[in-house]
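Here is a short note for a colleague who is new to this structure. Please keep the sequence and the model open while reading.

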Amino acid sequence: MTGSVGSDPLGHFYRAKLLKANVQFLSPPIVDGTTGTVIVLTTPDAQRTMFSYAGMSSVVKFDATLAESISAARMLVIEGYLWELPKTVEAIAEACETAYKSGIVVALTASDVSCIKRHRKQFWDLMRARADIVFTNSNEARALCDLNEDASAQLAACMLSQQCPFVSVTDGANGSYIGVAGQVTYISPAPCMPVDTCGAGDAYAAGILYGILKGVSNVKGMGNLAARVAAVVVGQQGTRLKQTDASCLVESFFASSIATGEKPLDETHLCAAVEVDTI
């Protein structure tokens, strides 16, 4: 993971937590910098409001360490909120170019409706030129396609999938859609009692990315895993999966794959598989 934190206690806290989770944080702390943070307020109906302070998050530099890490990776995931931070836009472009030249899968998250509306052309151009995977919710997808609020999530997924090899559009309790080359597959929501919707979209994306990196070729199975991961997160306070829940999800997923005779993709041809729409 790359990003920027300050040399303050909050920055040390974040780095320590990531390291404990086996996540290598590539960027050194910025001396005398203030770490950005987000305060999340969750209401009884499980919805949330966020108050954000960017802090040093706006300082993301593309350097030799990041270039080397991208070239050695199998996938680059770019957070859409970075479009709100002008100094990071150039770093995003360089990172995508490096990934593209190295044959690395590039995934983009839309992140926020207002962000998409303000940076629609930039996001659209990058999506069409360099992205293999795009994650949005229904409102973000409509904004990206310049559709009205009454347009269906399925229509938005179909339109986006004609511009990007693999598209995921979540629609809350209504389920989600995965689009590949204009063909859209509906994914039913996994049952849960909502407690906190914070992190639901990220959890869903994690399920999809896990399936792709494991070489799964069945869209429906991959989507069902993503829906189940999101349901576990929505059904608890906080966004992080417990180790026991994560293990159960993985075991259930692979047991289902074996039962249906699912054959995994060759991991060395992952990027090519995405590009030729065979997932």
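1. Ground rules. This is a predicted model, in which local features need pLDDT of at least 70, side-chain atom pairs count only at pLDDT 80 or more, and totals for chains, interfaces and linings use all residues. Residues are numbered from 1 along each chain as its sequence is written, and side-chain values use heavy atoms, with hydrogens and water left out.

2. The annotated stretch. UniProt, in an unreviewed entry, lists residues 2-241 as "domain: Carbohydrate kinase PfkB". Its positions are given in the numbering used here, its feature names are shortened, and its annotations may be inferred rather than shown by experiment. Over residues 2-241 the chain is 41% helix and 19% strand. The end C-alpha atoms of that stretch are 21 Å apart. Helices (H or I, at least four residues) and strands (E, at least two) are DSSP runs, numbered from the N terminus.

3. Helix α7. This helix spans residues 153-161. Which of its residues are buried (under 20% relative accessible area; exposed is over 50%, partly exposed in between; 1.4 Å probe, protein chains only)? They are Ala153, Ala156, Ala157, Leu160 and Ser161. These residues cover an arc of only 125° around the axis, which puts them on the same side of α7. The arc is that of the directions from the helix axis to the C-beta atoms. An α-helix has 3.6 residues a turn, so residues three or four places apart point the same way. The cover over the buried residues of α7 includes helices α5 (120-130) and α6 (138-144). It also includes strands β5 (133-137), β6 (166-170), β7 (176-180) and β8 (183-187).

4. Helices α8 and α9. The axes of α8 (residues 200-213) and α9 (residues 219-234) come within 7 Å and cross at roughly 145°. Axes are lines fitted to C-alpha atoms, for helices over the stretch in contact, and angles run from 0 to 180 degrees between N-to-C directions. Contact here means heavy atoms within 4.5 Å. On the α8 side, the residues include Ala203, Tyr204, Gly207 and Ile208. On the α9 side, they include Met222, Leu225, Ala226 and Val229. The residues of this contact divide into 14 nonpolar, three polar and no charged. Ala, Val, Leu, Ile, Met, Phe, Trp, Tyr, Cys and Pro count as nonpolar, Asp, Glu, Lys and Arg as charged, and the others, Gly among them, as polar.

5. Thr136 and Thr170. Thr136 lies in strand β5, and Thr170 lies in strand β6. Thr136 counts as buried because its relative accessibility is 4%. Thr170 counts as buried at 17%. Beyond four places in sequence, Thr136 touches Ala110, Ala141, Leu160, Ser168, Val169 and Thr170.

6. Thr35. This residue is found in strand β1. Tyr14 is 21 residues away along the chain, with 9.2 Å between the C-alpha atoms. Tyr14 is also one of the contacts of Thr35, as are Val5 and Tyr53.

7. Two positive phi values. Most residues other than glycine have a negative phi. Ala46 has a positive phi of about 75°. It lies in the loop between β1 (35-42) and β2 (48-55). Asp146 has a phi near 60°, and is found in the loop between α6 and α7. Buried or exposed? Ala46 counts as buried at 0% relative accessibility, whereas Asp146 counts as exposed at 61%.
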